Amino acid sequence: MFAGSVSANVPLLTENAPGDGLHWNRKRIRIELSSSLLKSPTAIKPESDVIGAITRSFATWSDVTGIEFYFEWSDRQSVSAAGKTGDGVNLITIAPTSENLLAIGGDSGEVSARTRVFFGRRGEISEADVVLSPVQQFSTDGSFGTFDLQSTLTHEIGHMLGIDHSPVMAATMYQFQARNGTFNLPAVLGQTLSLDDVAAYRALYEPDAYATIAGRLLRYGGRPGSEIVVWAEEIGTGRVAAGRTTNGTGDFRLAGLEKGEYRLFFQSETTVGEDWVAGELGTLSVSVNRDYRFDRRLGRSFERPTADSIGFNGQFADLPILVNPDKSFAIFVTAARGNGGRTEMRGSSRFFVFGADQQNHDLGPDFAISSARVFVDEAAREGDYTVSVANASGNQRFFIGALSIDRYSNPWSLYDLK
């Protein structure tokens, strides 16, 4: 089964990517829907529920944010050209025009959509356009190999609101999107918002109504801890509540948090040589309407455990896995070759029990896989949960929010492994 495993890393990137602070200054936003959305038989599977997918994706954000989106159909085909100002129309299109193809860029074989945002000096968004790639295929019925239209639109609407990509794998705003059929499942996780997605919105639009944890990480020797992911998990449930990446000076900011107790974790986002850091920062109890400071000096770096991908159903990808309560699932990760392929998978939530009979599969000098069965307790709540992989030296690699409990069902469970 391992020889047939495939990668399914498909980036959803933005044009003029929104950064911290971009936002709308109004609660009612007009959207023009290009007629191309109803006249694209090659890019959108015929008989797809296009209008329903559009309506549901906007409603997903409206239900959380209170923003009212209203629509008009238009014969406009192209997004505004890149520059300081656009045409003032918030357009969603899939037309194969030269401007739209230019917006998608040279990596059109991988990108499913892009969002181009225009904004003023104060970070107030004046226009946001979405172009669905006319060279990709979309559907609303889970057709194998297509992108789920509703999931793609829900992600891009987040960018329209000024929200950047998330390091949490099961977040709708995660930078990768699965095609239908990855892990032999429909790509529906992007249709709903995670706790991290909601926190990201609150951080932009309602920061004073929630708690904020901010701080600075310094590497060993006092160097700035840049490009390190910091995330908070609820104590009690283990759900990932929010995650962000440090900037060039090592600063991070987790905003939009509910009142509660959290465990804070960190992990390198990129690897330079063997300069890898990961672990737990500590715990913190927070109340709303308050900011908390959390500065830390990190220990020495170590060799990164070679666990690059997580797997399910004979496939590996940098993508989340849908699981359900009161069921068991077989999970795989690429193993740490430098330690003879010996790894141990763990969960940070008490509702996920990893079996003691984990196995390491040596597939030659260049490839190894570890497998584990995990039982999801019936009391586990909807949300995203982290899997950690420790090698023989005890060094860890986290798959942040890799296991997701959602309203959808995963039929590939192992009922006899409880």
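Let me begin with a definition: patches are made of residues with over 30% relative accessible area and no salt bridge, where like charges are joined within 9 Å and nonpolar side chains (Val, Leu, Ile, Met, Phe, Trp, Tyr) within 5 Å. The accessible areas come from the Shrake-Rupley method with a 1.4 Å probe, and for residues only the protein chains shown count as cover. A salt bridge, in turn, is a side-chain nitrogen of Lys or Arg within 4 Å of a carboxyl oxygen of Asp or Glu.

Please keep in mind that this is a predicted model, in which local features need pLDDT of at least 70 and side-chain atom pairs count only at pLDDT 80 or more, while totals for chains, interfaces and linings use all residues. Residues are numbered from 1 along each chain as its sequence is written, and side-chain values use heavy atoms, with hydrogens and water left out.

First, the overall picture. The protein has four helices and 25 strands, where helices (H or I, at least four residues) and strands (E, at least two) are DSSP runs numbered from the N terminus. Of its 418 residues, 58% count as buried, a word that here means under 20% relative accessible area, with exposed meaning over 50% and partly exposed lying in between (1.4 Å probe, protein chains only). The protein exposes about 17,400 Å², of which carbon and sulfur atoms supply 48%. If we take the contacts with a separation of 6 or more, residues 24 or more positions apart account for 71% of them, contact meaning heavy atoms within 4.5 Å.

Now back to the patch. Leu38, Ile51 and Trp73 make a nonpolar surface patch of about 310 Å². Ile51 belongs to helix H1 and, with a relative accessible area of 46%, is partly exposed.

Let me turn to the aromatic residues. The structure holds eleven aromatic pairs; rings of Phe, Tyr and Trp (its six-membered ring) pair if their centres lie within 6.5 Å, and planes under 30 degrees apart count as stacked, over 60 as edge-to-face and the rest as tilted. One of these pairs is formed by Phe58 and Phe71, edge-to-face, at 4.9 Å centre to centre and with 70° between the planes. That pair links distant parts of the chain, since Phe58 is in helix H1 (residues 50–65) and Phe71 is in strand E2 (residues 68–74), 13 residues apart. Phe58 counts as buried because its relative accessibility is 2%, whereas Phe71, at 33%, counts as partly exposed. Tyr174 and Phe176 also form an edge-to-face pair, at 5.5 Å centre to centre with 75° between the planes, and Tyr174 counts as buried at 5% relative accessibility. Ring pairs also link Phe58, Phe69 and Phe71 into a cluster.

Which ring does the charged end of Arg28 sit over? The ring is that of Tyr70, whose centre is 4.0 Å away; a charge sits over a ring if NZ of Lys or CZ of Arg is within 6 Å of the ring centre and within 35 degrees of the ring normal. Arg397 likewise lies over the face of Phe399, at 4.2 Å from the ring centre.

Arg28 forms one with Glu68, the closest N and O atoms being 3.3 Å apart. Arg28 lies in strand E1 (residues 28–34) and Glu68 in strand E2, so this pair ties together parts that are 40 residues apart in sequence. Both partners are partly exposed, Arg28 with a relative accessible area of 44% and Glu68 with 40%.

Arg76 forms a salt bridge with Asp87, their closest N and O atoms being 3.6 Å apart.

Finally, is helix H4 (residues 195–205) largely enclosed or open? Ten of its eleven residues are buried, so H4 is largely enclosed by the rest of the structure. Among those buried residues are Asp196, Asp197, Arg202 and Tyr205. The buried residues of H4 pack against H1, strand E10 (240–245) and strand E11 (251–257).
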